[in-house]
Amino acid sequence: MSLSIPDIVALLRLKGHEKYDGEPVTQLQYALRTATFAEKAGADREQITACLLRDIGQLLHDFGSTPTKSAYTGFSALCRTHGTCRRQ
């Protein structure tokens with residue numbers, strides 16, 4: 001499945017208000033916070049975009065609770081950037 005930018009915006013408008021499990025923020029707030037931290041940490045555009053969209057599958061597929069710890073640590077620079085961001 002591929003999503004266009006309008007598809008992603010529509011999905012965030014429709015479901016971005018849902019709470020991020022274990023956090024006092026919504027899915028959209030969490031995505032924006034993570035991308036902002038990545039930007040401030042000097043990440044490139046691709047990493048910032050990856051941070052912004054890292055949990056998009058949760059909104060697409062209604063998996064239920066959202067993990068508060070990344071299951072992907074060690075997979076990529078995205079995870080290292082995200083881990084740095086979460087500690088700030």
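Helix H1 spans residues 5–15, and Ile8, Leu11, Leu12 and Lys15 are its buried residues. Looking down the axis of H1, you'd find those buried residues within an arc of 95°, so they line one face of the helix. Keep in mind that this is a predicted model.

- An α-helix has 3.6 residues a turn, so residues three or four places apart point the same way.

**A closer look at Lys15**
- Lys15 sits in helix H1.
- Its relative accessible area is 15%, and the cut-off for buried is under 20%, so Lys15 counts as buried.
- A polar atom of the Lys15 side chain lies 2.9 Å from the backbone oxygen of Leu59.

**The cavity**
- Searching the whole structure for cavities of 30 Å³ or more turns up one.
- The largest cavity has a volume of about 90 Å³.
- Its lining includes Leu12, which is also one of the buried residues of H1.
- Leu59, the residue whose backbone oxygen lies 2.9 Å from the Lys15 side chain, is part of the lining too.
- Others in the lining include Tyr20, Gln27, Tyr30, Cys51, Arg54 and Asp55.
- At least two lining residues come from each of H2, H3 and H4.
- By type, the lining of the largest cavity splits into nine nonpolar residues, one polar and two charged.

How values were computed
Residues numbered from 1 in each chain as written. Predicted model: local features only at pLDDT ≥ 70, side-chain atom pairs only at ≥ 80, totals over all residues. Heavy atoms only, no water. Buried < 20%, exposed > 50% of the residue type's maximum accessible area, 1.4 Å probe, protein only. Helix = DSSP H or I, 4+ residues; strand = E, 2+ residues; numbered from the N terminus. Arc of directions from axis to C-beta. 1 Å grid on protein atoms, 1.4 Å probe; cavity = no way out; pocket = protein on both sides within 12 Å on 5 of 7 lines; lining within 4 Å. Points joined across faces, edges and corners; volume = space filled by probe spheres on them. Nonpolar A, V, L, I, M, F, W, Y, C, P; charged D, E, K, R; others polar. Polar contact = N/O pair within 3.5 Å; in protein donor to acceptor, adjacent residues only side chain to side chain.
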